[in-house]
Amino acid sequence: MGQVRQPRRVQAYDGELGAAVARAQDGDETAFAVAYRIVQPGLLGYLHGIVGDDAEDVASDAWLEIARDLGRFKGDGAGFRGWTATIARHRALDHLRRQRVRPRAGGTEQDVLDLPAPCSTHEQALECLSTERALELVRALPRDQAEAVLLWVVVGLDGPATARVLGKRPGAVRTAAHRGLKRLARQLGAGREAEAGVTDGASRALGEST
């Protein structure tokens with residue numbers, strides 16, 4: 001099996017996150033604030049990719065549930081990241097049902113032409129996903145591809161965790177992420193070489209056999 005990797009910027013915080021969650025479960029409010037600080041940026045980016053401008057409101061609802069049920073959580077930092085993503089996804093889907101709308105496609109291929117600089121490498125293509133415009137482009141992907149990309153790149157989940165959040169088989173999630181990243185790399189102007197790097201990296205990170 002290929003090695004399962006997470007984005008380095010996320011993986012580096014998981015030890016601190018796990019320790020903070022354990023202290024928060026013992027009633028340490030400062031520790032809960034630390035956990036929030038670590039998780040919230042990725043969670044908000046994921047929600048922005050699903051509900052757009054309503055992401056802040058949905059995130060607030062999710063954190064109320066997270067705080068209420070914190071004592072029921074069992075696991076480490078990476079597990080907490082997946083648990084919070086699952087809660088946030090449920091709140092986002094509830095929100096969409098209430099609004100009776102599907103996720104709005106907020107970007108087009110023409111938008112990419114206005115980006116200040118094209119992404120020329122695998123790492124740059126992934127980093128572009130942290131920008132608001134790139135998140136709008138992700139929202140224009142088919143739902144399964146958008147969520148797989150957001151959970152892996154923005155939230156920082158690995159392949160199996162992403163599959164659990166989405167309630168799908170790892171192979172299906174792997175395929176969705178592969179296709180989504182391939183399309184995004186092409187849109188972001190990464191070129192053939194970078195596109196191959198992105199999709200190959202996605203396959204390795206999501207646990208594809210080599």
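Reader: Is F80 buried or exposed, and what is its relative accessible area?

Author: F80 is buried, with a relative accessible area of 0%. Buried stands for under 20% relative accessible area, exposed for over 50%, and partly exposed for what lies in between, using a 1.4 Å probe and protein chains only. The model is predicted, so local features need pLDDT of at least 70 and side-chain atom pairs count only at pLDDT 80 or more, while totals for chains, interfaces and linings use all residues. Residues are numbered from 1 along each chain as its sequence is written, and side-chain values use heavy atoms, with hydrogens and water left out.

Now the rings. Five aromatic pairs turn up in a search of the whole structure. In one of them, the ring centres of F73 and F80 are 5.4 Å apart and the planes stand at 80°, so this pair is edge-to-face. A pair requires rings of Phe, Tyr or Trp (the six-membered ring of Trp) with centres within 6.5 Å; planes under 30 degrees apart are stacked, over 60 edge-to-face, and the rest tilted. F73 is also buried, at a relative accessible area of 7%. F80 pairs with W83 as well, in a tilted arrangement with 5.8 Å centre to centre and 40° between the planes. Both F80 and W83 belong to helix α5, where they sit three residues apart, about one turn of the helix. W83 has 22% relative accessibility and therefore counts as partly exposed. Elsewhere, ring pairs join F32, Y36 and W63 into a cluster.

F80 also has a place in the core. The largest nonpolar core holds 52 residues, and L47, F80 and L151 have the most contacts inside it. At least two residues of this core come from each of α2, α3, α4 (55-69), α5 (77-99), α8 (132-139), α9, α10 (159-166) and α11 (170-187). Helix α3 gives the most, with 10 residues. Such a core is a set of buried Ala, Val, Leu, Ile, Met, Phe, Trp, Tyr and Cys residues joined through side-chain atoms within 4.5 Å. In soluble globular proteins, nonpolar side chains tend to be buried together.

L151 lies in α9 and is one of the buried residues there. Leaving out residues up to four places away in sequence, L151 touches Y46, A85, G156, L157, T162, V165 and L166; contact here means heavy atoms within 4.5 Å. Helix α9 (residues 143-155) has 11 of its 13 residues buried, so α9 is largely enclosed by the rest of the structure. After α9 comes G156, with a positive phi near 95°.

As for the whole protein, the secondary structure comes to 12 helices and zero strands. Helices (H or I, at least four residues) and strands (E, at least two) are DSSP runs, numbered from the N terminus. Of the 210 residues, 50% count as buried. Among contacts between residues at least 6 apart in sequence, 72% join residues at least 24 apart. F80 thus remains a simple case: a buried residue at 0% relative accessible area, and one of those with the most contacts inside the largest nonpolar core.
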